[in-house]
Amino acid sequence: AGVLVVAVLFAGKGIPDALGSDFLGLGLLLLRILPVQLIVCTLQFFMFELCSSIISGTFLQLVATVALSLVSGFFYPKQSLPESVSAFGSVTPTGCAFTYMTDVFSGRGGWLSLAAVLLWAAVFAALSCIVRMRKIRGVEE
């Protein structure tokens, strides 16, 4: 759904010149958004695995999303945040995703930020598997 929203918002306007303004440019943009969707999905899955009920999982997602968004510069520019908060926000999963998408829209390479996003996604996938295996073993024992 997120890809469709971005496609509608940027179709024909707002796509950086580096990506082009044609169908191929839009396809490239959607392809470059996939790592961010991967990190969002793995983070959400990990948070739900940590919780014992849907209500606690939803509440954890709300609180974590708001907190991570605040320190990552989604609500306020990073320049207006204290230096320590801005530095911390840059290394959080949402901060890495924000930096990566900034690189994508500005036409920069963004290989380092892409690597950070993929690393966070791998960490959340691995942690989710560990938590899930412990839950399954706990049920069996």
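How exposed is Arg132, in terms of relative accessible area? Arg132 is partly exposed, at a relative accessible area of 40%, where buried stands for under 20%, exposed for over 50% and partly exposed for values in between (1.4 Å probe, protein chains only). The model is predicted, and local features need pLDDT of at least 70, side-chain atom pairs count only at pLDDT 80 or more, and totals for chains, interfaces and linings use all residues. Residues are numbered from 1 along each chain as its sequence is written, and side-chain values use heavy atoms, with hydrogens and water left out.

The count of salt bridges is 2, a salt bridge being a side-chain nitrogen of Lys or Arg within 4 Å of a carboxyl oxygen of Asp or Glu. In one of them, the side chain of Arg132 meets that of Glu49 at 3.8 Å, N to O. Arg132 belongs to helix α6 (residues 111-140) and Glu49 to helix α2, so this pair ties together parts 83 residues apart in sequence. Helices are DSSP runs (H or I, at least four residues), numbered from the N terminus. Glu49 also meets Lys135 in a salt bridge (3.9 Å, N to O). Because Glu49 lies in helix α2 and Lys135 in helix α6, the pair ties together parts that are 86 residues apart in sequence. Glu49 is buried, with a relative accessible area of 8%, whereas Lys135 is partly exposed at 30%.

Helix α3 has 19 residues, which at 1.5 Å a residue should span 27 Å; the end C-alpha atoms are 26 Å apart, in agreement. The expected span is 1.5 Å times one less than the number of residues. Buried in α3 are Gly57, Gln61, Ala64, Leu68, Ser69, Val71 and Ser72. These residues cover an arc of only 160° around the axis and therefore lie on the same side of α3, the arc being that of the directions from the helix axis to the C-beta atoms. Ile55, Phe59 and Leu62 are exposed on the other side of α3. Gly73, with a positive phi near 95°, follows α3.

The largest pocket holds about 330 Å³ of space. It is lined by 17 residues, of which Val36, Val40, Phe74, Thr94 and Ala97 are the closest to its centre. A pocket is an open set of points on a 1 Å grid over the protein atoms alone where a 1.4 Å probe fits, with protein on both sides within 12 Å along at least five of seven lines; lining residues have an atom within 4 Å of a point. The volume is the space filled by probe spheres set on the points. Elements giving two or more residues to the lining are α2 (23-50), α3 (54-72) and α5 (93-106).
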